[in-house]
Amino acid sequence: MTPRRFLLLTAGIALVTLVLAPLFGAQPLDWRALFHASEGDPAPLLFWQVRVPRVATGFLAGAALAVVGAAFQALFRNPLATPFTLGVSSAASLGAALHVRLGLAFPFFGLPDVCLTSFLAGLGAILLVYGLTRLRGGFSTARLLLAGVAASFLFSSLIMVVHYTTDAYDAFRLLRRLMGSLSASGTDTLWGLVPITLLGAIYLASLSWELDLLALGEELALSRGVDGQGIRRRLFFATCLMESAVVALCGPIGFVGLMVPHICRLMIGNTHRFLLPASFLVGGTFLTICDTMARTLFAPAEMPVGVITSLLGGPFFLWLLLGPRSHELEV
Amino acid sequence: MNITDNKNAAIGNPSASTLLPAGHPDTPPHPILIVEGLSVRVGGSTLLSDICLRLEERERVAVIGPNGAGKTTLLRVLAGFLPGGETAVRWQGRPLGEWPRRDLARWLAFVPQMSERLPPCPVFDFVLLARYAHGERWFGGADRRDRAAAGLALEAAGITHLAERDLSTLSGGERQKVLIAAALAQEAPVWFLDEPAAFLDYRQELEVRSLLTRLQKEAGKTVVSVVHDLNRGALDADRVIALQGGRLVFDGPPAALADRARLRSIFATEFDILTHPGTGKVLVVAREGQP
């Protein structure tokens, strides 16, 4: 399939998914009710105030995670690099955990304050990892990776400590958060996510040529004129900001950032000019579908969407890894 | 054998005649690259020590020396891939540290060792990516000029038929030609090559070397290559630079290098110097059984 045709196809599927997904849920909605609502019918309110923001949030979160994943794989030249590799998401989760544990509460422009604490923790981790990497001068990806992984383990164990010392009710809330879920998303979270995701994705797409060259290797990239350290730094901050925002609003939703870029690579190759938009569309669609399943499969109970993405993603990824096209699975 | 004597003899007398391209007898030598007192230390070890050299336009220079002498390091520092040359290295009179990478890439193309891992990528796309330095382009799109340049480069390297293939499916010689085509597409007048003929079989090596010679003549490139085997690419260069333990121990015409004492001092090995009975070309052969 040519990249352009693949983009058209995925854009079509994304559109259909976005239109249909809000109609599904614990309580099925009849689309006709949206236009001919009788007085006092909750359907339009449910649709516009609850379902649409949630579906849009899911789409943007999935899109952001997939785009960040694609950029990470090129930046580290490592097919296993994911948005969670550098510890930013565990820091954001730790922020949320501390917020719940300490019972913090401060209003901020309508954004849920737990999200804000989480986002700030993510920012802190970005600066910490960046500082650690810069300690010995330069900005090397190997050191970035090691510092990030070390920080990630540290934050994860701190989450355990917080979790261990919380009472049962908060511990349950915390656990639900750590599984990644879109259930808390409303119009406010959506408006928090829109600018950072769209601007971030556009910014990363504007660095497509640099990403192509970085994926070829440090020396070739430098020799073609890529300002290695500067571009890596910009990529690091852009991707980590996007990731902090997503994790702060939706929790750590796994596998989208690892799997979606690889699927797109298999379909259209490694050219980031096509790979990034394709990852955006496929990632958004995938998470939207997963979230729709999360809302409907065990209705009225709701599964954390992170569980579904991993349940679907794990086997599929193994199939990719061991299947007939596994030799193409390389960054 | 006294190394310093060699050094003075060779460096103190950079014979100007070898620096001039054959077709331009009146062109005054114009150094594109000046290196003065370049030393590079990493940790406690000295990789390069007090290197001084000049590079003139359209020269073909071979860099030789034993393993670990700093040949590749020198190329990388001159190209700015490794730190250390910010002030000691001047391209076009401008210190290396002041060059934006993109501007330098319009002057200098680097052909890395072929053994480097490359991800799957179609040959044409790979060559097209080398056009990066030519202008800011919106959202990573190459324009018609870039496609034309990439096509021409493939044609000049004689590998138009490989355009649709993937890098990972090519033989060593084909890959090397693709790397050379990419350097052509980059349109830089100076080329650095790191052992361009290493790991190639006889035929592929001859093909790659004759391609390089032809391109150098046609396009008027200045070429600096690290060479491992003196008979393949060093003795037919315009000028040879020898490194040993991070020091520059010889800089002069290849004829002056084909000297047993000098070779022994560089490689710590006895050499025989032969003349090819057919072509009259000088060959050097390490003497077996006498390390």
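1. Buried means under 20% relative accessible area, exposed over 50%, and partly exposed in between, with a 1.4 Å probe and protein chains only. Helices (H or I, at least four residues) and strands (E, at least two) are DSSP runs, numbered from the N terminus. By these terms, strand β9 (residues 239-244) of chain B is mostly covered: 5 of its 6 residues are buried.

2. On the basis of the work: this is a predicted model, where local features need pLDDT of at least 70 and side-chain atom pairs count only at pLDDT 80 or more, while totals for chains, interfaces and linings use all residues. Residues are numbered from 1 along each chain as its sequence is written, chains are lettered from A and ligands numbered from 1 in the order in which they are written, and side-chain values use heavy atoms, with hydrogens and water left out.

3. Chain B overall. It has 9 helices and 12 strands. Of its 291 residues, 49% count as buried. Take contact as heavy atoms within 4.5 Å. Among contacts in chain B between residues at least 6 apart in sequence, 65% join residues at least 24 apart.

4. The partners of β9(B). Two strands pair if DSSP finds at least two bridges between them. Strand β3 (residues 60-64) of chain B runs parallel to β9(B), over 4 bridges. Here B:Ala62 stands opposite B:Val240. Strand β10 (residues 247-252) of chain B is antiparallel to β9(B), with 5 bridges. B:Ile241 faces B:Asp251 in that pair. β9(B) and β10(B) form a hairpin with 2 residues between them. In the turn, B:Gly245 has a positive phi of about 55 degrees.

5. A further sheet in chain B. Four strands form an open sheet in the order β2-β1-β4-β5, with antiparallel pairing. Its edge strands are β2 (45-56) and β5 (94-95), each pairing on one side only. Strand β1 (residues 31-42) and β2(B) are antiparallel over 8 bridges. B:Val42 stands opposite B:Ser45 in β2(B).

6. Helix α8 of chain A (residues 187-206). The buried residues of α8(A) include A:Leu193, A:Val194 and A:Thr197. Their cover includes α3 (43-76), α9 (208-216), α11 (228-250) and α13 (272-296) of chain A.

7. A:Leu144. This residue lies in helix α6 of chain A. A:Leu144 is buried, with a relative accessible area of 1%. Leaving aside neighbours within four places in sequence, its contacts are A:Phe76, A:Leu86, A:Val129, A:Thr133, A:Phe139 and A:Phe236. A:Leu144 and A:Gly228 are 84 residues apart in sequence and 14 Å apart in space, C-alpha to C-alpha.
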